[in-house]
Amino acid sequence: GTAQFVVGGSGSPHPKNDDGAPEELREQREELERRADASDEEVRRLRQGAWAALALMALEVTGGLLTNSMALVAESLHLFSDCSGFILSIWTIDLMRMRATSQFSYGLQQAGALGTLLST
């Protein structure tokens, strides 16, 4: 489409698209969509890691209980910690991908900082 120039409050021209949105907002929207596509692959890998950790955890608990090995049971608890980190990461990414609303005008992009804090 064609770009129109509108004089803003500061007197500087701001290019606008056919849909009326400023050019820089359109570029930001496109960047967020590219990030969302990339994060789909990341979430898929995190889910695979979480399922693998859960499967190994179940095997270690079973093996530890059958052989009376406290080391295997302790290792399964370590895997539980890893798995909870994967699940927290998936949940955080899902929150960060939520669209902006009237209550959360920037969406929940800062959920990543809280997710990082909780996973440490």
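Contact here means that heavy atoms lie within 4.5 Å. With neighbours within four places in sequence left aside, alanine 50 is in contact with Cys83, Phe86 and Ile87. The model is predicted, so to speak of local features requires pLDDT of at least 70, side-chain atom pairs count only at pLDDT 80 or more, and totals for chains, interfaces and linings use all residues. Residues are numbered from 1 along each chain as its sequence is written, and side-chain values use heavy atoms, with hydrogens and water left out.

The chain contains three helices and two strands, where helices (H or I, at least four residues) and strands (E, at least two) are DSSP runs numbered from the N terminus. Along the sequence these elements follow the pattern β-β-α-α-α. Of the 120 residues in the chain, 21% are buried; the term denotes under 20% relative accessible area, with exposed set at over 50% and partly exposed in between (1.4 Å probe, protein chains only). Of the contacts between residues at least 6 apart in sequence, 31% join residues at least 24 apart.

Alanine 50 also belongs to the largest nonpolar core, whose five residues are Ala50, Ala53, Met57, Leu79 and Cys83. A nonpolar core is a set of buried Ala, Val, Leu, Ile, Met, Phe, Trp, Tyr and Cys residues joined through side-chain atoms within 4.5 Å. Helix H1 (23-67) and H2 each supply at least two residues of this core, and H1 gives the most, with three residues.

The description now turns to a pair of helices. Two packed helices are described by the angle between their axes and the distance between the axes. Helix H2 (residues 70-96) and helix H3 (residues 111-119) pack at about 170 degrees, with axes 9 Å apart; axes are lines fitted to C-alpha atoms, for helices over the stretch in contact, and angles run from 0 to 180 degrees between N-to-C directions. H2 and H3 are therefore roughly antiparallel to each other, a term for angles over 145 degrees. To this contact H2 brings Leu88, Thr92, Leu95 and Met96, and H3 brings Ala111, Gly112, Gly115, Leu118 and Ser119. These residues divide into five nonpolar, four polar and no charged, with Gly counted as polar.

Threonine 92, one of the contact residues of H2, counts as buried because its relative accessibility is 8%. Apart from neighbours within four places in sequence, threonine 92 is in contact with Ala111, Gly112 and Gly115.

Conventions. Angles under 35 degrees count as roughly parallel, over 145 as roughly antiparallel, 65 to 115 as roughly perpendicular and the rest as oblique.
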